[in-house]
Amino acid sequence: MGKRYGQHFLRSPAVLEAIAAGAEIGPGEPVLEIGPGEGALTERLLTAGADVAAVEIDPALCVKLRERFAAVSRFRLIEADVLQLDLSPQHLFGSAGLYAVIANLPYYLTTPLLFRLIAERRRLSRLVLMVQREIATRLVASPRDGKDYGALSVAAQHTFRMKRLLDVPPGAFRPPPKVDSAVVRFVPREPQLPPAREARFLAYVKAMFIHRRKLMLGNLKRGYGPLDGERLAALERLIAGRRADALTPEEHLAVFELLHEGAGT
Ligand code: SAM
């Protein structure tokens with residue numbers, strides 16, 4: 001079994017059912033499944049009537065999946081690395097429109113993948129994802145939660161409403177992973193910023209947390225150059241003496257808006 005691909009296959013029928021039920025898939029609904037593995041979750045999604053595009057990196061598993069679902073016209077296998085994949089609905093499903101993402105994620109790439117899905121949120125109807133329990137905690141953390149609160153928390157909370165559906169022990173998988181897991185449901189929020197500006201906000205968030213232990217004002221002066229008097233005074237009122245990990249997602253958005261006031265997009 002390819003250890004490097006984070007392969008832990010779900011064996012618990014109860015957990016598979018819970019993911020499929022949590023996804024509330026309707027007949028004919030387009031679903032992207034990341035890492036179908038041997039197809040246990042795929043089977044549930046197809047039974048629910050989904051139109052499944054599944055992306056799997058491991059060639060040996062792809063051979064098995066093609067055999068297993070050869071007779072199913074609503075199943076399309078894409079043999080690729082999901083991080084390199086064009087996530088447009090036209091490429092995945094051959095038509096426009098929102099699609100859901102359902103996956104028991106390979107844990108080694110959870111964080112980059114979540115940032116990618118956050119950036120793509122305008123194309124998504126919802127996500128139901130199995131992640132490490134530690135990541136589930138970070139996703140919904142607030143400034144009170146110490147080091148669990150970070151760029152991922154701010155970026156995810158800005159873009160999605162999230163609900164932890166269930167906690168999953170290692171014994172639900174073969175082979176069992178070393179860590180506990182949790183299933184999280186994400187529903188995109190109404191965008192507060194136009195697309196290009198939101199992309200800049202997400203870049204701002206990442207940059208602010210690189211030096212999370214330093215004071216925000218210093219980070220901003222380094223990153224954004226000299227600030228005019230009025231803007232500097234407004235920023236000082238908001239963040240004087242505070243670090244990035246003390247600000248709520250809403251406060252980060254307020255700081256970003258102040259920095260980019262009059263920037264147009
Ligand atoms: N969905 C299956 C299940 O629940 O039993 C397998 C889940 S397993 C945790 C993760 C799957 O993602 C594996 O099949 C692995 O080969 C695949 N995978 C790992 N890295 C990938 C990548 N970069 N792109 C696409 N699939 C990947």
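A backbone N or O atom of Ile-57 lies 3.4 Å from a nitrogen atom of the ligand in this predicted model. The protein covers 99% of the 600 Å² of accessible area that the ligand has on its own. The ligand is located in the largest cavity, and the shell around the ligand draws at least two residues from each of strand 1 (9-10) and strand 3 (51-56).

**Ligand: polar pairs**

- Gln-7 places a polar side-chain atom 2.8 Å from an oxygen atom of the ligand.
- In the side chain of Asn-104, an N or O atom is 2.8 Å from an oxygen atom of the ligand.

**Ligand: surrounding shell**

- There are 23 residues around the ligand, and those that come nearest are Gln-7, Gly-35, Glu-56, Asn-104 and Tyr-108.
- By residue class, the shell around the ligand consists of 13 nonpolar, six polar and four charged residues.
- Two strands, strand 1 (residues 9-10) and strand 3 (residues 51-56), each contribute at least two residues to this shell.

**Surroundings of Ser-125**

- Ser-125 belongs to strand 6, which spans residues 124-132.
- A polar contact of 3.2 Å links the side chain of Ser-125 to the side chain of Arg-126.
- When neighbours within four places in sequence are left aside, the contacts of Ser-125 are Glu-29, Leu-98, Tyr-99, Ala-100, Val-187 and Pro-188.

**Backbone geometry in loops**

- The peptide bond that joins Arg-174 and Pro-175 is cis, with omega at about -15°.
- Pro-175 is situated in the loop between strand 8 (173-174) and strand 9 (181-188).
- Glu-24, a residue other than glycine, has a positive phi value, near 45°.
- The loop that holds Glu-24 runs between helix 1 (13-23) and strand 2 (30-34).

Key: Residues numbered from 1 in each chain as written. Predicted model: local features only at pLDDT ≥ 70, side-chain atom pairs only at ≥ 80, totals over all residues. Heavy atoms only, no water. Near = heavy atom within 4 Å. Polar contact = N/O pair within 3.5 Å; in protein donor to acceptor, adjacent residues only side chain to side chain. Areas by Shrake-Rupley, 256 points an atom, 1.4 Å probe, with all protein chains shown as cover. 1 Å grid on protein atoms, 1.4 Å probe; cavity = no way out; pocket = protein on both sides within 12 Å on 5 of 7 lines; lining within 4 Å. Sits in = over half its atoms within 2 Å of the grid points. Helix = DSSP H or I, 4+ residues; strand = E, 2+ residues; numbered from the N terminus. Nonpolar A, V, L, I, M, F, W, Y, C, P; charged D, E, K, R; others polar. Contact = heavy atoms within 4.5 Å.
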